[in-house]
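Which charged side chain lies over the face of an aromatic ring, and at what distance from the ring centre?

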Amino acid sequence: MTTNTTNSLSIIETNPNFHYEIAKCIPQDSIPLLYQILDKYEISEHAKDMPFSAQVRELYLLPSLEISGTLPLLQTMPELFYIEYIKVGHQSRYLFHKRYKGENRSLENSIILSKKQCKKILKGDLSFMEDSEEPLFLEYYSKHQTYQYRPSFVISCKRKRHIFNGGQSQITINDNVKMSFRTSLFLEEKELPADSKTYASFRIQSAVEL
């Protein structure tokens, strides 16, 4: 069963903040074997109920002292700030995210951004955050004063997400993941050039322990 565009965008916003998580980067040619991996957790059969597909770009904001990022790094860093552009059908949205991960549990917070605010972040202008009443903006602005976060790299992918267990769990498959250090490309409406090896990844998230 498929969902319409409106329902798909609603699913994006109803993910539980606290959840258990398994996340892996895999070689692109391993995609055909992915559901065999999911069978290990006995959930792939139920994951076909509510799928949706999206075009996604993510701009990662890393402390200035961090070594240049890699895709596997995103699976191991305990705290990440990033901007996500997601397009489902004819609808699109920018979101500012914070993800904190400890062991196999994860916490995510997000807030909607305007394209104008995205451009300001790319230019290093965070004045709109300093005067904001949004806790996530204030937290990022405060930490930026110490760690000097900067746009570090962009990834793009084709994303398919399956919701199961009454909406309490989901499987996200990112196919044809490309990465570029040309952060200005984040706002462009075209596929990224691949500055590094192309990957795939999957993420299993659940409100109950996996």
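Arginine 57 lies over the face of phenylalanine 186, at 5.9 Å from the ring centre; a charge sits over a ring if NZ of Lys or CZ of Arg is within 6 Å of the ring centre and within 35 degrees of the ring normal. The model is predicted, so local features need pLDDT of at least 70 and side-chain atom pairs count only at pLDDT 80 or more, while totals for chains, interfaces and linings use all residues. Residues are numbered from 1 along each chain as its sequence is written, and side-chain values use heavy atoms, with hydrogens and water left out.

**Aromatic pairs**

- The structure holds 13 aromatic pairs, where rings of Phe, Tyr and Trp (its six-membered ring) pair if their centres lie within 6.5 Å, and planes under 30 degrees apart count as stacked, over 60 as edge-to-face and the rest as tilted.
- The pair of phenylalanine 128 and phenylalanine 137 is edge-to-face, because the ring centres are 5.5 Å apart and the planes stand at 85°.
- Phenylalanine 128 is buried at 15% relative accessibility, and phenylalanine 137 is buried at 4%; buried means under 20% relative accessible area, exposed over 50%, and partly exposed in between (1.4 Å probe, protein chains only).
- Tyrosine 140 and tyrosine 149 have ring centres 5.2 Å apart and planes at 40°, so this pair is tilted. Both tyrosines are buried.
- One aromatic cluster is formed by Phe81, Phe96, Phe128, Phe137, Tyr140, Tyr147 and Tyr149.

**Salt bridges**

- Side chains of opposite charge can pair when their charged atoms come close.
- The whole structure contains 9 salt bridges, each a side-chain nitrogen of Lys or Arg within 4 Å of a carboxyl oxygen of Asp or Glu.
- Glutamate 79 bridges to lysine 98, with the closest N and O atoms 3.4 Å apart. The pair links distant parts of the chain, 19 residues apart: glutamate 79 is in strand β3 (residues 79–88) and lysine 98 in strand β4 (residues 91–102). Helices (H or I, at least four residues) and strands (E, at least two) are DSSP runs, numbered from the N terminus.
- Glutamate 79 is partly exposed at 22% relative accessibility, whereas lysine 98 is buried at 13%.
- Glutamate 84 bridges to arginine 159, the closest N and O atoms being 2.7 Å apart. Glutamate 84 lies in strand β3 and arginine 159 in strand β6 (residues 149–164), so the bridge ties together parts 75 residues apart in sequence.
- Glutamate 84 is buried at 4%, and arginine 159 is buried at 5%.
- Lysine 98 also forms a salt bridge with glutamate 139, the closest N and O atoms being 2.6 Å apart. Glutamate 139 lies in helix α6 (residues 135–147) and lysine 98 in strand β4, so this pair ties together parts 41 residues apart in sequence.
- Salt bridges that share partners join Glu21, Arg99, Glu108 and Arg203 into one network.

**Second largest pocket**

- The second largest pocket has a volume of about 250 Å³.
- Of its 14 lining residues, the closest to the centre are Gln55, Arg57, Ser156, Lys190 and Glu191. On a 1 Å grid over the protein atoms alone, a pocket is an open set of points where a 1.4 Å probe fits, with protein on both sides within 12 Å along at least five of seven lines, and lining residues have an atom within 4 Å of a point.
- Strands β2 (50–63), β3, β6 and β7 (169–180) each supply at least two residues of this lining.

Terms used: Points joined across faces, edges and corners; volume = space filled by probe spheres on them.
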